[in-house]
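Have the viewer open while you read.

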Amino acid sequence: MTRLFDKTFWGLTIGLVALFVLNFFLEEWMRTIGLQTLSRGLVAIGLLILWRAGLVSFGHALFFGFGAYTVAMLQIVGVRDIFLLMIGGIFTAGMLAFVLGFLLRQYRAIFFALLNMAFSMILYGVLAKVESLGSTDGIGIEQVTFLGINPGDDNYRFVFYIFAIVFAYVSAVAAHWYLKSTLGMMTMAVRENEIRVEYLGYSSEKAIHSKYIISGLLAGAGGVIMAVTVGHVDPDSMVYWPVSGDFVFITILAGTGNVSATFIGALVYELLRTYAFEFAPEIWQLILGGSLLLIIMFLPDGLWSIRSEWRHKRALRAANRAQASSEE
Amino acid sequence: MTTVLKVQDLEKNFGGVIAARNINVEVNEGETIGIIGANGAGKTTFVNMVTGYLPPSSGEVEFLGQSLIGFKPREVTKLGLCRSFQVPQVFLSETVFDNMLVAYGIAEQTGFSLFRPIHTDDRETRVDNQLERYQISDYRDTPASALPQGVRKLLDIAMATVRNPKLVMLDEPTSGISVEEKFDLMDIIMEAMRQEDTTVMFIEHDMEIVERFVDRVWAFYQGEIICDAPTAEAMVDEKVREFVIGQEYHPAHLEGDANA
């Protein structure tokens with residue numbers, strides 16, 4: 001059991017407690033940044049799982065948007081509770097990933113990446129054209145209830161934030177444990193050598209399919225949180241291809257070393273975007289692009305590699321000290 | 001004696017090119033079969049067909065009485081017929097230990113257990129035992145990409161045999177290995193197979209290896225088996241000497257006879 005309750009587990013747990021305490025002191029706009037961070041971080045965990053299997057998706061806004069629009073659709077038929085909305089969003093996104101996975105699992109590299117984008121653009125086209133789905137104007141999302149309880153306007157964000165951090169925590173821990181399981185280790189195996197996986201007795205396509213479904217579920221959940229946070233869904237902010245690009249940006253920024261890094265990456269991205277937009281509204285894309293360039297040049301394995309590098313240096317220093325003392 | 005593998009009228013055509021034809025062979029439990037033949041003679045095609053990588057054009061392959069036609073490699077593997085590769089198929093960026101751990105994890109999966117942690121004490125012990133059996137424990141924490149060729153070959157075979165298969169097909173286990181190392185390497189492999197009661201067939205170009213380790217030889221030439229005989233007999237077979245090993249090769253036991 002100690003293998004499950006490792007440093008990452010405790011790190012995530014400390015993060016949960018810290019965010020819970022922080023919630024009492026946060027301003028409304030900070031909470032919004034926090035919620036968007038959690039939402040995009042969830043999607044990035046899904047991309048991390050695919051990335052470790054050697055697959056990049058340029059179209060996960062498809063599932064993100066599917067989750068978000070499920071909230072809108074369910075609200076139209078009268079479902080208001082966040083738990084039901086979340087289950088609905090995860091279910092529809094997961095089902096979509098399950099169905100599309102039969103096709104996607106046959107493709108690799110750029111074909112996999114762009115086929116995802118193609119599907120997301122089909123959904124974008126449908127949502128933008130169909131009046132009953134809100135067309136380009138989108139659909140407003142009403143306040144949700146929590147197990148039937150309405151916390152009231154003043155406490156609404158406070159309570160929703162707690163829901164989001166607990167949900168993100170559970171998802172991150174589950175994803176971390178998944179990556180330590182046999183199926184999770186197969187992410188590496190299919191990336192490295194599919195022939196060997198087949199000759200060990202498992203289908204590489206099946207392994208990829210299961211990862212694709214998990215990434216779809218997580219992206220759907222991210223979409224639900226974003227829809228409720230923003231209070232509105234529309235094709236441009238939920239499904240358009242640059243939304244998928246944001247998730248890839250975060251995954252590159254965070255690196256694929258650890259699930260907790262995705263939330264750090266998502267937060268850095270959120271802050272970069274917010275402040276770049278505030279202080280340099282004319283050139284904010286330039287700032288984002290430049291940051292990505294710097295990350296790729298100097299931290300190709302993402303922010304998480306700072307930690308690995310630091311540990312490596314610390315180990316080197318310790319080794320040098322040990323050598324020096326033995327020479328004395 | 002149990003028949004492990006039975007192949008009948010196996011054929012493979014790639015368009016107009018015949019890669020295998022009229023192959024009829026049987027392997028009995030405990031035998032060691034050596035597959036010899038020049039490059040392009042159809043040896044690897046044969047292994048690929050038997051293990052489900054290539055569908056044969058016609059014919060029948062039975063493993064322990066079960067037809068393998070239409071089976072995928074993973075299904076053949078699960079039945080207990082495993083293979084290694086001429087170019088070792090390992091997870092290059094991972095350590096030897098992690099390669100083996102994943103191999104055991106996949107081999108031991110049963111439904112929900114796929115979601116359980118891959119690291120368990122029992123499994124780690126099995127990994128260490130297997131590394132010990134193949135004498136590669138010293139490389140336990142070395143990434144597979146940094147391994148010497150011989151160790152990488154052993155790792156490939158160690159991974160192929162995690163299911164304790166009934167029959168193992170080794171594709172050129174000594175290719176790329178120095179003359180000094182190849183006998184030691186084969187000793188390790190054959191000893192490991194003996195411990196696990198595994199029937200072995202391997203493709204080999206080196207006739208010294210064939211003579212020393214093989215009970216029976218199948219000689220391939222242009223997609224056909226031109227000789228299926230005990231090793232001593234095969235080595236002096238006219239066709240084998242003409243088409244496979246060349247006239248100038250003098251088997252050790254014949255030289256012994258000449259000196260007598």
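In this predicted model, helix α3 (residues 61–76) of chain A and helix α5 (residues 109–129) of chain A have axes that come within 8 Å and cross at roughly 35°. On the α3(A) side, the contact is made by A:Ala61, A:Leu62, A:Gly65 and A:Tyr69, and α5(A) brings A:Asn116, A:Phe119, A:Ser120, A:Leu123 and A:Leu127. Sorted by type, the residues of this contact come out as six nonpolar, three polar and no charged.

**The sheet in chain B**

- Chain B has an open sheet of four strands, ordered β2-β1-β4-β5, with antiparallel pairing.
- The edges are taken by β2 (17–28) and β5 (66–67) of chain B; each has a single partner strand, so one side of each has no neighbour in the sheet.
- Strand β1 (residues 3–14) of chain B pairs with β2(B) in the antiparallel sense, over eight bridges.

- Helix α1(B) lies across β1, β2 and β4 (58–63) of chain B, and runs at about 65° to β2(B).
- Why call helix α1 (residues 43–50) of chain B largely enclosed by the rest of the structure? Because eight of its eight residues are buried.
- The buried residues are B:Lys43, B:Thr44, B:Thr45, B:Phe46, B:Val47, B:Asn48, B:Met49 and B:Val50.
- After α1(B) comes B:Gly52, with a positive phi near 90°.

Key. Residues are numbered from 1 along each chain as its sequence is written. Chains are lettered from A and ligands numbered from 1 in the order in which they are written. This is a predicted model: local features need pLDDT of at least 70, side-chain atom pairs count only at pLDDT 80 or more; totals for chains, interfaces and linings use all residues. A residue is buried if 20 or more other C-beta atoms lie within 10 Å of its own, exposed if 12 or fewer, and partly exposed in between; C-beta atoms are placed from the backbone. Helices (H or I, at least four residues) and strands (E, at least two) are DSSP runs, numbered from the N terminus. Axes are lines fitted to C-alpha atoms, for helices over the stretch in contact, and angles run from 0 to 180 degrees between N-to-C directions. Two residues are in contact if their C-beta atoms, placed from the backbone, lie within 7 Å. Ala, Val, Leu, Ile, Met, Phe, Trp, Tyr, Cys and Pro count as nonpolar, Asp, Glu, Lys and Arg as charged, and the others, Gly among them, as polar. Two strands pair if DSSP finds at least two bridges between them.
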